[in-house]
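Dear colleague,

Please find the structure below, followed by a summary of what was found in it.

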Amino acid sequence: MYAIVDIETTGGHASANGITEIAICIHDGKKVVKRFESLINPQRDIPIYISALTGITNEMVKDAPVFEDVAADIYHLIHGKIFVAHNVNFDFSFVRYHMAAAGYDLQSNKLCTVRLGRKIMPGLPSYSLGRLCKHLGIDNQARHRAMGDAEATAELFTLLLNSDTENHIKQSLKQGSKDQVLPPNLSKKDLDQLPYTPGVYYFHDQKGKVIYVGKAKNIKKRVSSHFTGNNPGFQRQEFLKNIYQISHQVCGTELIAFVLEAIEIKRLWPKYNRSLKRFENAFCLYAFEDQRGYIRLAVDKYRKYSDPIYTCNSLLDGYNLLNKLIEAFDLCPKLCFIQKNNDVCSSSLGSTCACEGVESTDNYNQRVNNAINQLKQALPTYAIRDEGRTGDEHSCILVEKGQFYGMGYISHYFDADNVQQLKNHLTPYPGNDYIKNIIATYASKNPERMVVFG
């Protein structure tokens, strides 16, 4: 037995919205044998644009029962039956959420007529309920009302049952089938073709645009985890609804996947990625020449497309580094923006310091350049040589003078002991402190995989 369900709601996700109408058609595999419908008082205002779409107004539901009052009837009607809906995860998330609030634990196998339509009737221009009904000649005089859409879905479901020569419905109901949890617009083939390897995966919308990038130690397992559970939140429901395709890149190691994910999020700026979008090098050490010809060092916020000498996570880290350079190379604290008052320069040169215009630019700039050179020379240059995508290659990540240079794959027979030659085999990528830190952390834990250049 099948319970074909349609609901109207006050909004797009269950955790912050109510049901305004519900209709259920009980189907025995041949025809509808029982019907239930009711307006529901959502106990909140119905937005004007929702009323315009459905025709259901606050006045209409004012004296209707709240969901808790009809929950028992609904539960006994659909419990033990297969829950069927057009975009089933939407309707099920609402019904299950509000059932739980009323004290009922609804557990049902599910069938989605969007997904079944794509499999049993492939090649149609659209699988929205309205377009399908028009294409198949299904009459629906009450579009966007619960019983009208439920009756139309029931008629569509009957056609799907009668046209299912390859047993797609039976396959979808098998224990362990992914069809019940997959987003309505995603083909199971996209999931089936994913490998059990480290890598980066991409979710695409209807137009092919990347809307999410993720990394994984096991691509197939990680992607599948996105579709488990019945989280009724807006973000998850919108996210699942917009997934139409999945693509991927296999990586030799989880580390390569971590780095590539960060690079791709910055490159593609996907709609549903958040955390790594916000990551930027917070502060940097810069050098510039002032109007008098003196080279000045300064700690400032990271500026896009700038060329910093050194990056750091905080302003305090930057000032600590700069103070060490001032002390070690007898630099002027005023020219380094550390001393900001009008007192005599606190460096050892005092009144004969460069900030007073007494010391020549050549002498002072030589010390600044020595400080910069020592700082750069102190930054390590090394490669991490690790597992490849296949048995005849290695993955390789290059860090040059403390900064991420790039990565790629090299032959087992390539001798990675020359930086310039190695660069010819790697792809350069933009980096940031997040990438630098995860590489450095991995290197400290796996020193045997490092190739250090002098």
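Does Ser395 count as buried or exposed, and why? Ser395 counts as buried because its relative accessibility is 2%, where buried means under 20% relative accessible area, exposed over 50% and partly exposed in between (1.4 Å probe, protein chains only).

This is a predicted model: local features need pLDDT of at least 70, side-chain atom pairs count only at pLDDT 80 or more, and totals for chains, interfaces and linings use all residues. Residues are numbered from 1 along each chain as its sequence is written, and side-chain values use heavy atoms, with hydrogens and water left out.

Ser395 belongs to strand β13 (residues 393-400); strands (E, at least two residues) and helices (H or I, at least four) are DSSP runs, numbered from the N terminus. The Ser395 side chain reaches the backbone oxygen of Glu387 at 2.7 Å. Beyond neighbours within four places in sequence, the contacts of Ser395 (heavy atoms within 4.5 Å) include Thr253, Ile256 and Tyr409.

Tyr409 also has the charged end of Arg389 over its ring, 3.8 Å from the centre. Such a charge is NZ of Lys or CZ of Arg within 6 Å of the ring centre and within 35 degrees of the ring normal.

The largest nonpolar core has 54 residues, of which Ile22, Ile24, Ile74, Ile78 and Val95 touch the most other members. A nonpolar core is a set of buried Ala, Val, Leu, Ile, Met, Phe, Trp, Tyr and Cys residues joined through side-chain atoms within 4.5 Å. Helix α7 (residues 146-163) gives the most to this core, with eight residues.

Yours sincerely

Technical notes:
Polar contact = N/O pair within 3.5 Å; in protein donor to acceptor, adjacent residues only side chain to side chain.
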